[in-house]
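Here are my notes for you, in numbered points. Keep the structure open while you read, and look up each residue as it comes along.

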Amino acid sequence: MGLTNSNKVVSTNQMGCSDYIKITLALAASPDIISNPTDIVLILDRSGSMAGSALANLKLGAKKFISIIDEATDGSQDGQIGSGSRIGIVSFADTAVQNTQLITSVDALNAAVDSLTAGGATNHADAFEKGAAMFDPASSNARVMVMFTDGKTTAGPNPDPVAAAARASGIIIYCIGLVGADGIDPNVLNEWATDPDASHVAITPDDGDLENLFEDLAANIAKPGATDIFLKEEVHPDFAITGILTPVKGTAALVNSTTLTWSIDELGTTANEGASLEFFVQHVGTDSGTKLINRSITYTDSENNQATFPEPSVTVDCGAVVHPEPCPVPREFSIEGCEEMASFQVESAYLESLGRILEMDVNIKNVCPGRRTALGVILTEVDPQGNEYPRGIKTMTIPAHYYPECRDVLVKCIRFVLPEDLDVSGTGAASLCNARQFKARIITHMIDPEYRCCGTAV
């Protein structure tokens, strides 16, 4: 069967600016379908929510799956599933129907798929029961169910025990989910599918992806198990990998803060087998937005299996952050090793002397959207007697934010230069080691109020 699934799952789709999330990479593989004859039941959702392009693309995907298995089992697309493998079709809405038994005729299977029409509720329990009933307990063939659905259970009993009984009997369950009109719960598909969950479930919001999902699954089922697996994962620079857990199988290593590798000697060469790797990333960027986590992910093995991984994104909320003062641009220069002194023309530079730079952040509370804010910071130094001495004033305009509600605006890195010759600490020595006391007064108001005096216009 080869590599039967590849997946990537994130623990959350929302996070704070410096928060951490867990990412799970998962793989599953099974032996060659020729040397390991397999009975496969395609369980296809034809409920009312599948009407239109969803059902049309499902039919394309199911027939593509059948075509690939046809060729893989005997080396040619001759219209017959070979090498002892068989495929059956079950479809479901209010109830489930065995559209075919386990058969080898590609024409009969395609005709059963083409005959599907959408309508009715969604009864997953009956679908699992009818699917499990298709298998012959006396057969030595491997047994696989592929459950496709686009929504939640709306008819029949709880399907969880039925799926659990099928798994307990040795049936391998894969789930393909389409986010339909009434939504889909990934946790439910994970509950139904064979472990590890992440390697046996694929979900898409676009019915245009269905043909590719069925094609990938069939192509991997048709190949032998995977050996000499090497996976390289690189995350975007706005994220940093902070930790790797020991994988279920193989070894993983951190290359740098954005890159890791995962190596597995063999997977699924004698029986269906899954493997997963969990690692943690932190958001290290400074801006909000919906961001892709993957920068790139590559997979290779000796059997040339193809692995397709989702590209999950996460919505990052850093609040409203303003950086009014950029860091100075550095000037580069060098001196020769034998020179005892060297001079360098900096072109232009601010006057500097012995001293310190005070940097502060100011959080302006409850700023309403669409309002610019005027900010003033007054800094004084305090001597031992409590007298205050001016050390600077800064005023600036804070741009408006456009979040839907009032929120705090964090103004970062307001800097004051504090020369040591102004030290009033009372020690009598200009030294960077002196303790110095300061007071900061903050003045702020809206620049763009809605208020207008009677009879005036601004």
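1. Let's start with Cys 413, which is buried, with a relative accessible area of 16%. Buried here means under 20% relative accessible area, while exposed means over 50% and partly exposed is in between, worked out with a 1.4 Å probe on protein chains only. Cys 413 sits in strand S22 (residues 407-419). Its phi is near 60°, a positive value in a residue other than glycine. Helices (H or I, at least four residues) and strands (E, at least two) are DSSP runs, numbered from the N terminus.

2. A word on where this comes from: the model is predicted, so local features need pLDDT of at least 70 and side-chain atom pairs count only at pLDDT 80 or more, whereas totals for chains, interfaces and linings use all residues. Residues are numbered from 1 along each chain as its sequence is written, and side-chain values use heavy atoms, with hydrogens and water left out.

3. Asp 228 is another one for your phi list: its phi is positive, about 50°, although Asp 228 is not a glycine. You'll find Asp 228 in strand S10. That strand covers residues 226-235 and runs antiparallel to strand S13 (residues 259-267), with eight bridges joining the two.

4. Two strands pair if DSSP finds at least two bridges between them.

5. What does Thr 261 touch, leaving aside its neighbours within four places in sequence? Its contacts are Phe 230, Leu 231, Lys 232, Thr 251, Ala 252, Ala 253 and Val 255. Contact means heavy atoms within 4.5 Å.

6. There is also an open sheet of three strands, in the order S21-S20-S23, again with antiparallel pairing. Strand S21 (388-398) and strand S23 (437-446) are the edge strands, and each pairs on one side only. The twist from one strand to the next averages 15°. Strand S20 (residues 373-382) is joined to S23 by 10 bridges, and Leu 375 stands opposite Thr 444 in S23.

7. Next, strand S7 (residues 142-149). Is S7 mostly covered or mostly uncovered? Mostly covered: seven of its eight residues are buried. Strand S4 (residues 38-45) runs parallel to S7, joined by seven bridges, and Leu 44 stands opposite Phe 148 in S7. Six bridges join S7 to strand S8 (residues 172-178), also a parallel pair. Here Met 145 stands opposite Ile 173 in S8.

8. Follow the chain through S7, helix H4 (residues 160-168) and S8, and you trace a right-handed β-α-β unit. Right-handed means that, with the strands pointing away from the viewer, the path from the first strand over the helix to the second runs clockwise.

9. Met 134 lies in the loop between helix H3 (124-133) and S7. Met 134 is buried, with a relative accessible area of 6%. Met 134 and Gly 88 are 46 residues apart in sequence, yet their C-alpha atoms are 7.6 Å apart in space. Not counting residues up to four places away in sequence, Met 134 touches several residues, among them Val 41, Gly 88, Ile 89 and Leu 102.

10. Last, a helix pair. The axes of helix H1 (residues 53-74) and helix H2 (residues 106-114) come within 9 Å and cross at roughly 170°. Axes are lines fitted to C-alpha atoms, for helices over the stretch in contact, and angles run from 0 to 180 degrees between N-to-C directions. H1 and H2 are therefore roughly antiparallel to each other; angles under 35 degrees count as roughly parallel, over 145 as roughly antiparallel, 65 to 115 as roughly perpendicular and the rest as oblique. In H1, Lys 59, Ala 62, Lys 63, Ile 66 and Asp 70 meet Val 106, Leu 109, Asn 110, Val 113 and Asp 114 in H2.
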